[in-house]
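Please read the following explanation alongside the sequence and the coordinates.

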Amino acid sequence: TPAPVCTPARTSLLLGVHAPVHTVLENGIGAYTRVHKPFPDLLRQHGYATALIGKAGYFPVPDYSYANILGDGSERRSPYLSKYNFLETYLVNCSIQWIAENYLNAPQTPWFLHLSMASPHPPNALPWDWTPPYSSVENLPPLEFVPGDILKLPRQTRDLLGLTGHEMHLPPAFPHGRPNLDYINPRRLKYFNQAAFVDEQVGRMLDFLDDLGGEVQANTLVIFTTDHGALLFDHGIPDKHSLLGESVRVPLVMRFPAVLPAGRVYDFANLLDVASTILAVAHIAPPDEYQGFDLVAPLAQGKESPRRVGIATEFMGYGLVTSRCKQGRGPFQDGG
């Protein structure tokens, strides 16, 4: 991710530029710099039907053909809801309906859909009638933490997360600098299970495209990714706002049956590459200021990912990332 926090990362995804360029450095800062052109607007100008269904997380919202924006959908992610009424089920149902209507009513019109799920962002509730795959904290990976980890964090990270002054005593998660697994692991378990529910709903979306078959199934580029990771109490951080790997490393999976070979794994990419890739597949030249690469063309030719170096920024700190190493710098004297 170019920024391990919601709004800056989502804005970079939308505009194809780094956070210092679009100026949204943190959540709550406001509108992005309007000189940059969102890629959905360019798609629509070239005849695409466009839709956003789910969370936007940026402002202003582009001029989609159709938008059903629900924010974080907390009211639809309640343990009192069934799996049929839960947020991600609803978003997939709306997406299936929108694609079906556009494909059946105007099969010659190309379309773009941003299906934007809120989970597994907290709150990590689960539908009451859905059986989670992880039944016990024994299924979880071990916590990555050694005493003193919080004190080693850059000053900026500690300030953003309210950890400054609590490095050696942070109850209830880390009383006296030690992890309280009775508090931590149930929360990690809910996160993993909610992520599994998201996986199930993504599978429903792919099954729908497969059922359409033919040109739609073969010639639809599907990109699965997210804005940032989560530390889940690793290194003493319950949230993100960090250049540590758990926060900046995110999945980017592409499915394009008619063009890309299945099952290949490449070094790495960046969310900035999504906008440039989508425009390239649509045969639309990206604006000069876009900072991403087209990933499809080289991969379709059997080459490696064109990205060799990435930069991630978090408020006033930054990290330089390659496939082999990462170096971070913060704005304060002890912020390395």
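In the sorting of residues used here, Ala, Val, Leu, Ile, Met, Phe, Trp, Tyr, Cys and Pro count as nonpolar, Asp, Glu, Lys and Arg as charged, and the others, Gly among them, as polar. The model is predicted, so local features need pLDDT of at least 70 and side-chain atom pairs count only at pLDDT 80 or more, while totals for chains, interfaces and linings use all residues. Residues are numbered from 1 along each chain as its sequence is written, and side-chain values use heavy atoms, with hydrogens and water left out.

With that sorting, the lining of the second largest pocket divides into 22 nonpolar, nine polar and six charged residues. A pocket is found on a 1 Å grid over the protein atoms alone, as an open set of points where a 1.4 Å probe fits, with protein on both sides within 12 Å along at least five of seven lines; lining residues have an atom within 4 Å of a point. The lining consists of 37 residues, and V250, Y266, D267, F268 and A269 lie nearest the pocket centre. Two or more lining residues come from each of α9 (245–248), β5 (252–255), β6 and β7. The largest share, four residues, belongs to β5. The pocket holds about 1000 Å³ of space, where grid points are joined across faces, edges and corners and the volume is the space filled by probe spheres set on the points. Helices (H or I, at least four residues) and strands (E, at least two) are DSSP runs, numbered from the N terminus.

Side chains of opposite charge can pair when their charged atoms come close. A salt bridge here is a side-chain nitrogen of Lys or Arg within 4 Å of a carboxyl oxygen of Asp or Glu, and the count comes to eight. One of them joins D227 and R10 at 2.9 Å, N to O. D227 is in the loop between β4 (222–225) and α9, whereas R10 is in helix α1 (residues 6–15), 217 residues apart. D227 is buried at 10% relative accessible area, and R10 is buried at 9%; buried means under 20%, exposed over 50%, and partly exposed in between (1.4 Å probe, protein chains only).

Another salt bridge pairs D273 with R307 at 2.8 Å, N to O. Because D273 lies in helix α10 and R307 in the loop between α11 and β6, the pair ties together parts 34 residues apart in sequence. D273 is buried, with a relative accessible area of 0%, and R307 is buried at 5%. R264 and E304 also meet in a salt bridge, at 3.8 Å, N to O. R264 sits in the loop between β5 and α10 (272–281) and E304 in the loop between α11 (296–300) and β6, 40 residues apart. R264 is partly exposed at 38%, and E304 is partly exposed at 38%.

What of the backbone? Most residues other than glycine have a negative phi, and most peptide bonds are trans. The bond joining S119 and P120 is cis, with omega about 10°, and P120 is in the loop between β3 (111–116) and α5 (149–152). The bond from P171 to P172 is cis too, with omega near 5°. F233 has a positive phi near 80°, and H241 has a positive phi of about 55°.
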